[in-house]
Amino acid sequence: MSFASDIKDELIEKSELARAMGGMKDCCIHAEMYGIFLFCRDFDSNNICIKTEHREVAELFSSYAEEITGRSYNIEQTSSGKFRVTIKKAEDRKMILEHFGHTGQEVTRRMYRSNLEDECCLGALLRGAFLSCGTITDPEKDYHLEFVMSHKVLSNDLLKLITEVHLPDEEGNVDFNKKEFDPKYIVRRGVHVVYFKDSESIENILTFMGAPDASLEVMGTRMYKDMRNRVNRKMNFENANAGRAFDAAYKQISAIRFIEEEKGLGFLSEDLRELALLRLENEDFTLSDLADNLKEPISKSGVNHRLKKILEIAEGLGWKG
């Protein structure tokens, strides 16, 4: 099962449970039904049909159609493995269209706001729309949630609807001046796509549609990936520092050995000679280690200053580094 399928399972399960327990208002049930029908593959007087990879979505579509017309509808499986429900009788299509205020003769498909009685209906309609035409990428791979439609005007209506959503804060207050969502739009291979690419918007839209478990899963994945990225950055930083320290130590040892071969370490002053011998005997010592192990400990900057003087002396004797 894909992550998108898991989300659709959750949306259907929680919707059916809310209806069974009387926790969903009639206006929201109507809005959810409208979302499923309006955003399905075909929705006009010639054809009303849904085609989906998710059997439970096809079953919900069929049950909603039966609720409107009083007839039952078969779920067919295509050769590609998808599930299809088709409203074949013209009188049934007319009944469904009229139920939502459509004639089926519209020039293009669009959303009728009369099917949204209150603010609470927005989440229900988006839930229905996602069941019909939505999908989401596994957050382990990428953050991407989208609605795919064949009608540009309908995609514009959906964009406008989403930008009108207002979410309550932790205290239940709503700031109607705040823009909660900023969905993006593209045309991909002739279809119109309304989508989100940031994890926070995806988490919020999933919760708003009625999939809080999926929202928490996206949030958990984001937190894990953020932590993993921070650890990786720290390790890369430490590895880079270790590499630079190794290169510096190698260069210092090379200079000391050059001085030893050319003049002997007695050529150095006592404080430089002590540090040079300590470096030769402890190639893996950091500046702090060198500073702490001198007869008279000095600061890291003091060690660094003496090492620079050793390098200058070596260069003065012809060392090329």
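**Entry 1: the R84 pair**

I began with R84, which forms a salt bridge with E76, the closest N and O atoms being 3.4 Å apart. I count a salt bridge when a side-chain nitrogen of Lys or Arg is within 4 Å of a carboxyl oxygen of Asp or Glu. R84 is partly exposed at 28% relative accessibility. E76 is partly exposed, also with 28%. My classes are buried for under 20% relative accessible area, exposed for over 50%, and partly exposed in between, with a 1.4 Å probe and protein chains only.

The model is predicted: local features need pLDDT of at least 70, side-chain atom pairs count only at pLDDT 80 or more, and totals for chains, interfaces and linings use all residues. Residues are numbered from 1 along each chain as its sequence is written, and side-chain values use heavy atoms, with hydrogens and water left out.

**Entry 2: the sheet**

I then looked up the strands. The sheet is open, has 4 strands in the order β1-β2-β4-β3, and pairs antiparallel. Strands (E, at least two residues) and helices (H or I, at least four) are DSSP runs, numbered from the N terminus. Two strands pair if DSSP finds at least two bridges between them.

β2 (residues 48-52) and β4 (residues 83-87) run antiparallel and are joined by 5 bridges. Helix α3 (residues 55-69) packs on the sheet and touches β2 and β4. Its direction makes about 15 degrees with that of β4. Contact here means heavy atoms within 4.5 Å. The axes are lines fitted to C-alpha atoms, for helices over the stretch in contact, and angles run from 0 to 180 degrees between N-to-C directions.

I checked the partners in β4. I48 has I87 as its bridge partner. K51 stands opposite R84. E76 also stands opposite R84.

β3 and β4 pair antiparallel over 2 bridges. Their hairpin has 5 residues between the strands, and G81 takes a positive phi near 95 degrees there.

Which side chains of β4 are buried? F83, V85 and I87 are buried and point to one face.

**Entry 3: other salt bridges**

I count 19 salt bridges. One of them joins the side chains of R19 and E67 at 3.3 Å, N to O. R19 lies in helix α1 (residues 3-20) and E67 in helix α3, so this pair ties together parts 48 residues apart in sequence. R19 is partly exposed at 29%, and E67 is partly exposed at 46%.

I also looked up D271, which forms a salt bridge with R306 at 3.9 Å between the closest N and O atoms. D271 lies in helix α9 (residues 270-281) and R306 in helix α11, so the pair ties together parts 35 residues apart in sequence. D271 is partly exposed at 31%.

E10, K14 and D213 are linked in a network of salt bridges.

**Entry 4: surface and end of α11**

Y224, M227, V231 and M235 make a nonpolar surface patch of about 380 Å². Patches take residues with over 30% relative accessible area and no salt bridge; like charges are joined within 9 Å, nonpolar side chains (Val, Leu, Ile, Met, Phe, Trp, Tyr) within 5 Å. Areas come from the Shrake-Rupley method with a 1.4 Å probe; for residues, only the protein chains shown count as cover. V231 lies in helix α8 (residues 212-262) and is partly exposed at 42%.

Last, I checked G316 in helix α11 (residues 300-316). G316 is exposed, with 67% relative accessible area. Its C-alpha atom is separated by 72 Å from that of P168, 148 residues apart along the chain.
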